[in-house]
Number of protein chains: 2
Amino acid sequence: MSRLDRSLIAGLPVFQGMAPEDLDRVLQQARSLRIAKDQAVFEQEGEAHSFFLLLDGHARVVKTTPDGQQVIVRYISPGELMGIAHALGRSTYPASAVAAVDCVVLAWPGHLWPELAESFPSFGTSTYKTVGARLQETQARVVELATEQVEQRVAHALLRLVKQTGKKTDEGILIDFPISRQDIAEMTGTTLHTVSRLLTAWEEKGLVKSGRQKVTVVEPHRLFVLAEGRADKS
Amino acid sequence: MSRLDRSLIAGLPVFQGMAPEDLDRVLQQARSLRIAKDQAVFEQEGEAHSFFLLLDGHARVVKTTPDGQQVIVRYISPGELMGIAHALGRSTYPASAVAAVDCVVLAWPGHLWPELAESFPSFGTSTYKTVGARLQETQARVVELATEQVEQRVAHALLRLVKQTGKKTDEGILIDFPISRQDIAEMTGTTLHTVSRLLTAWEEKGLVKSGRQKVTVVEPHRLFVLAEGRADKS
DNA sequence: GCTCGGGTTTGCGCTGGATCAAAGTGTCGA
DNA sequence: TCGACACTTTGATCCAGCGCAAACCCGAGC
């Protein structure tokens with residue numbers, strides 16, 4: 001691991017306020033893994049024997065139903081922890097994580113968790129904060145799914161992606177990893193057909209630009225208006 | 001607080017393995033409150049200045065959308081913590097909690113959290129476990145809402161209530177607090193009309209018995225079959 | 001015992017989106 | 001350069017469940 005990597009890593013919330021030598025000790029206990037696009041980081045129902053920190057790339061957390069339908073629970077960005085079931089007293093992963101692009105992760109053996117959390121409070125605290133934030137976010141999605149129309153849900157999903165991984169370009173804000181209509185459908189509980197129709201309609205209105213596995217939000221604000229209930233049908 | 005109360009309380013997961021004198025200290029820092037039916041324990045958006053332990057009764061955690069629709073996030077049973085936003089680094093409650101029946105809660109000032117979690121590991125650990133379990137459960141609901149038909153969702157919701165608060169009677173398993181069609185609709189993202197039709201249909205098939213604010217599941221197993229995908233339409 | 005109000009049932013028409021089907025179209029490997 | 005495949009668009013049809021409306025029923029309080 002290069003020195004540059006290390007300094008970047010040191011800035012992550014998980015390691016905040018940790019002395020350099022402690023950081024070294026923690027990092028030495030982790031293995032760095034390269035995950036190819038579309039490969040799984042860990043599998044639903046699998047033994048939770050590791051927890052991970054995503055260093056580079058984007059991964060999606062996916063739950064598969066008994067009859068094979070998939071639901072994308074969330075996307076993980078660089079710097080975020082994933083597969084932390086173990087830390088929450090679970091023995092098996094409740095979902096799979098799949099690399100959306102080539103990724104680099106740090107993997108710690110799960111049994112190290114209690115020790116790490118105890119020795120380095122920032123580690124525990126920041127994890128629990130993350131979990132708290134995810135719980136709230138997930139609850140918000142329940143509310144969305146329970147009360148909103150498909151159009152609003154898709155708008156919300158895009159806005160969430162924009163906020164999380166948006167990259168400014170001259171055309172607008174680009175979601176900076178390959179994402180298909182199908183993926184968006186799996187985030188919002190609809191079908192790729194409906195997503196396609198929506199994106200086409202939005203494109204005509206100048207709200208977004210999109211292409212094969214690519215979405216750019218041109219006018220976040222108007223999209224936001226759409227996402228919040230009743231927008232005029234002009 | 002009576003001696004009986006105390007011994008019951010000592011058995012709760014949160015206090016597991018805590019020495020009696022420690023338990024006393026912790027309890028002395030809490031106030032015991034009586035919440036009348038339909039009264040709020042805490043309010044969405046409100047300052048998270050306390051966290052609570054439900055001692056007796058049942059409370060529902062509710063999120064209200066900007067346009068006034070309500071979604072029931074979960075029901076809280078005796079012995080469970082609620083309003084723990086503070087412990088997860090949030091400064092404001094993301095939802096309201098309303099007493100479904102007359103309740104008794106213990107309330108600790110939020111600022112005590114770090115101290116309590118540090119002094120009594122079981123307190124912290126069990127809380128995080130709870131949060132982890134809730135996160136998973138909430139994610140499971142997202143999957144349900146995204147992939148299942150209304151009938152399956154309602155079936156799942158009832159089964160969840162049965163497992164959580166079911167009380168065996170000679171007719172079947174009774175959900176032991178008043179619950180209206182509207183409540184069930186708000187748990188499953190549908191309307192009270194649809195819930196009413198479903199319950200009537202199920203009653204005819206002998207799966208449940210229900211009345212005003214009351215539901216008894218007669219045949220949990222058949223309901224379970226319904227909840228899991230394709231049940232034969234006999 | 002009667003009335004009032006909140007909860008429930010039921011009918012009916014309508015529509016948002018799913019489903020089915022088929023025809024583009026951009027991209028990558030050979 | 002040329003497929004071939006994976007992703008996308010678009011059309012046509014259908015139906016689960018919503019919205020609206022009205023009647024009903026039960027329990028609480030007078």
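The model is predicted, so local features need pLDDT of at least 70 and side-chain atom pairs 80 or more, while totals for chains, interfaces and linings use all residues. Residues are numbered from 1 along each chain, and chains are lettered from A in the order written.

Let's look at how the chains meet. Helix 4 of chain B gives the most to the side of chain B that touches chain A, with 17 residues. That side divides into 13 nonpolar, nine polar and six charged residues. The contact (heavy atoms within 4.5 Å) takes 28 residues from chain B and 28 residues from chain A. The two chains bury about 2,900 Å² between them, 72% of it on carbon and sulfur atoms; this is accessible area (1.4 Å probe) lost on being put together, summed over both. In chain B, B:Gln136, B:Gln139 and B:Val142 lose the most area to chain A.

Now for the largest pocket.

| Largest pocket | Value |
|---|---|
| Space | about 1,100 Å³ |
| Lining | 36 residues |
| Most from one element | helix 5 of chain B, eight residues |
| Lining by class | 13 nonpolar, ten polar and 13 charged residues |

Nearest the centre of this pocket lie B:Ala140, B:Glu144, B:His156, B:Arg160 and B:Glu228. Strand 4 (59-64) of chain A is among the elements that supply at least two residues of the lining.

How values were computed
Side-chain values use heavy atoms; hydrogens and water are left out. Helices (H or I, at least four residues) and strands (E, at least two) are DSSP runs, numbered from the N terminus. Ala, Val, Leu, Ile, Met, Phe, Trp, Tyr, Cys and Pro count as nonpolar, Asp, Glu, Lys and Arg as charged, and the others, Gly among them, as polar. On a 1 Å grid over the protein atoms alone, a cavity is a set of points where a 1.4 Å probe fits but cannot get out, and a pocket is an open set with protein on both sides within 12 Å along at least five of seven lines; lining residues have an atom within 4 Å of a point. Grid points are joined across faces, edges and corners, and a volume is the space filled by probe spheres set on the points.
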